[in-house]
Amino acid sequence: MGKVSEKCKYPKIFEELTAKGMKRSDFAKMIGVSTGNVSDWASGKSSPTNSKWKAISDALGKPIDELFETQKEPAGNGGPKDEEMIKLLAEWEMLPEEDKVKSKVYFKGMLDMLKKGDSDGTQ
């Protein structure tokens, strides 16, 4: 079925393909992408676009948030991410690029305020 790189951001997709005995080429046709796209996802070169997640979910019969599950980091590299953070990051990844930029600016501002001890934003 092909290897899945440790760099793959969404290994759950490929675990589901294996569990279902589905070929990547058949999966690619089902969701309307090239086999090369699916291979790039497996290698970590790219990730599914926001518009493809519904089709992926439908093809695999799994909720999108379940497919966003990532591999846990080995001990010593920050430990496993908590489930709430994984879901937040998954939702963030689905935002349009413009909204991602805005949220980064907002988040950085909030972190700066917290570092200064100004958690309510009033200074």
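**Helix packing around helix 2**

Helix 2 and helix 3 cross in a right-handed sense. Before the details, a reminder: this is a predicted model.

So let's go through that first pair. Helix 2 covers residues 24–31, and helix 3 covers residues 35–43. Their axes lie 8 Å apart, at an angle of about 110 degrees. That puts helix 2 roughly perpendicular to helix 3, because angles of 65 to 115 degrees fall in that class. Who makes the contact? From helix 2, we have Arg24, Ser25, Phe27, Ala28 and Ile31. From helix 3, the residues are Thr35, Val38, Ser39, Trp41 and Ala42. By class, this contact has six nonpolar residues, three polar and one charged.

Next pair: helix 2 with helix 4. Here the axes come within 9 Å, and the crossing angle is roughly 125 degrees. Helix 2 is therefore oblique to helix 4. This crossing, too, is right-handed. On the helix 2 side, the contact uses Phe27, Met30 and Ile31. On the helix 4 side, it uses Ala55, Ile56, Ala59 and Leu60.

Now the core. The largest nonpolar core holds 20 residues. Ile13, Phe14, Phe27, Trp41 and Ile56 have the most contacts inside it. Helix 1 (11–20), helix 2, helix 3 and helix 4 (53–60) each put in at least two residues. Which helix gives the most? Helix 4 does, with four residues.

Take Trp41 from that list. Setting aside neighbours within four places in sequence, what does Trp41 touch? Its partners are Cys8, Phe14, Phe27, Ile31, Val33, Ser46, Ser47, Pro48 and Ile56. Phe14, Phe27 and Ile56 in that set are also among the core residues with the most contacts.

Last stop: Ser46, one of those Trp41 partners. Ser46 sits in the loop between helix 3 and helix 4. Buried, exposed or partly exposed? Ser46 has 28% relative accessibility, so Ser46 counts as partly exposed. Again leaving out neighbours within four places, Ser46 contacts Asn37, Asp40 and Trp41. Compare Cys8, another Trp41 partner. Ser46 and Cys8 are 38 residues apart in sequence. In space, their C-alpha atoms are 8.3 Å apart.

Key: Residues are numbered from 1 along each chain as its sequence is written. This is a predicted model: local features need pLDDT of at least 70, side-chain atom pairs count only at pLDDT 80 or more; totals for chains, interfaces and linings use all residues. Side-chain values use heavy atoms; hydrogens and water are left out. Axes are lines fitted to C-alpha atoms, for helices over the stretch in contact, and angles run from 0 to 180 degrees between N-to-C directions. Angles under 35 degrees count as roughly parallel, over 145 as roughly antiparallel, 65 to 115 as roughly perpendicular and the rest as oblique. A crossing is left-handed if the near helix is turned anticlockwise from the far one by less than a right angle, and right-handed if clockwise. Contact means heavy atoms within 4.5 Å. Ala, Val, Leu, Ile, Met, Phe, Trp, Tyr, Cys and Pro count as nonpolar, Asp, Glu, Lys and Arg as charged, and the others, Gly among them, as polar. A nonpolar core is a set of buried Ala, Val, Leu, Ile, Met, Phe, Trp, Tyr and Cys residues joined through side-chain atoms within 4.5 Å. Buried means under 20% relative accessible area, exposed over 50%, partly exposed in between (1.4 Å probe, protein chains only).
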